[in-house]
Amino acid sequence: MKFIALPLFAFISFAVTVKAQSPGQTTISRWPGNKRGAVSITFDDGSVNQFKQALPILNKLNVKATFFIITGQIPGSKFAGKFIGRPVKTIIAETATTPTNSTNFYERAAAAGYLGLIGPLDYHYKAGSLIDAGKPTEAYKVIDELYQKVRNNDFKEGIQHNTEYLDAHGTTWADMRKYAAQGHEFGSHMVTHPRLAALDEANMLYEMQSSRLDILHELGPRYTFSAEGPFGTENERVMGYLHKVYPALRNRMPEPWLKEISRSNPANPGNTDKEYIQFQRGATTKTPMPMMKAWVDTTANKDNTWLVLTFHGVDGIGWEALTHEQLAEYFGYIKAADDKLWIATFGDVTRYMRERQSAKISASAGKAAITVNLSHPLDKNQYNLPLSLKTYIPANWKIVKMIQGKKTLKLLPVTDAGGSYVLYRAMSNTSPVKLSAM
């Protein structure tokens, strides 16, 4: 019988060596509960059927969502839409002799909705979309056309509101306090849902800051965390202002460890050297249900992806309105995957990622106990979610007692290639975690 000698590396290439972990070795799970990914369900505009039709579906499934609300139309709000600046008659007069350019565009575009006329607001939106698209020269022409028509008396007198603002009527601050108590997040969608890219500094800050102040007064500081600039704007000038007012923006996140795929980007999450991927997708009336479900499947089959879903109208009210039957099917599909996916509000996922990325861990193992200290430098008033920790323990610990402050838990160890470990949630910047055998 003839024997064939194989090279040694042929056997070595299939061997996997995993180093055993020392007791006390602790890491922070990428997602709470060591899940595979995260999903945030968000709604824009606060149109009434989001609360009458969609929210009961979410509550039945025990799923929490984020609602970006237009605050100026809510009864009792202190701040309504208004123009901050010179008298509009002065602005109109100047347009007769001075064409629109980079120095006067923002003032003129901001004033468009406050001329006491029906129609100019449409020009504000068109000009803003051109600025967002990087076409300022075309935007200037739109504003010149607008003011020529104003001087020619081509518009009827009256007050004009945008469709999103009108569709949001019907919900009160008392309603929102009740929904917030159920665990849902509320964030700002500005005072009037303007094209922020077409506003000058004073009016841009009024929209951002005044909406925040109303939310602060009515709901409290926790709900001043998240915002969405209308139309998903990513205008650099707008982002520079908006990030100073709100810690978390669905428009854009500035973190170097986050890869962003916006709603307008058709790409799927791929390989990346970044710790996280934000995978934004917006469902419209033209989006097939299988595609919507595939977004969830993609997230569950990776380990670093945060699916951020955006919805608008519901049952005929609001932009691209889906039916409550469609939402019930889809939200049920997401809920069915919650063994793999952490379903949480936009603000809470942001908090967790930032806490994890900035946290410091120190652990020491004695003969009878392991002590773990966890801290982060972030604002403790806003960043106060527990982090999921994985700590390796001695192999002979069969049941583990975990104590942090007044909290005591009994943990059952799990084993992997590195040894025995326990998974648990701990608060940062408080007392140490004590682990011991029972």
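Author: Let's start with one term: a contact is a pair of heavy atoms within 4.5 Å. With that, T305 touches W31, G37, A38, P269, I277, F279 and T299, leaving out residues up to four places away in sequence. This is a predicted model, in which local features need pLDDT of at least 70 and side-chain atom pairs count only at pLDDT 80 or more, while totals for chains, interfaces and linings use all residues. Residues are numbered from 1 along each chain as its sequence is written, and side-chain values use heavy atoms, with hydrogens and water left out.

Reader: What average pLDDT does the chain have?

Author: pLDDT is the predictor's confidence in each residue, from 0 to 100. Here the chain averages 95, and 96% of the residues score at least 70.

Reader: Where does pLDDT stay under 50?

Author: Where pLDDT is low, the predicted coordinates should not be read in detail. In this chain that concerns residues 1-16, where pLDDT stays under 50 and the model has one contact beyond four places in sequence.

Reader: How many helices and strands does the chain have?

Author: Both are DSSP runs numbered from the N terminus: helices are H or I with at least four residues, strands E with at least two. The chain has 13 helices and 20 strands. Its C-alpha atoms fill a box of roughly 100 × 65 × 45 Å along the principal axes. As for contacts between residues at least 6 apart in sequence, 72% join residues at least 24 apart.

Reader: What share of the 438 residues is buried?

Author: Buried means under 20% relative accessible area, exposed over 50%, and partly exposed in between, with a 1.4 Å probe and protein chains only. Buried residues make up 50% of the 438 here.

Reader: Back to T305, then: is T305 buried or exposed?

Author: T305 counts as buried because its relative accessibility is 0%. You'll find T305 in strand β11, residues 305-311. Its side chain makes a polar contact with that of N304, at 3.1 Å. (A polar contact is a pair of N or O atoms within 3.5 Å; within protein, one must be able to donate a hydrogen and the other to accept it, and residues adjacent in sequence count only if both atoms are side-chain atoms.)

Reader: Which side chain does a polar contact of 2.7 Å join to that of N203?

Author: That's D200, joined to N203 side chain to side chain. N203 sits in helix α9, residues 201-219, and is buried because its relative accessible area is 4%. Not counting residues up to four places away, N203 touches K82, F83, I84 and A110.
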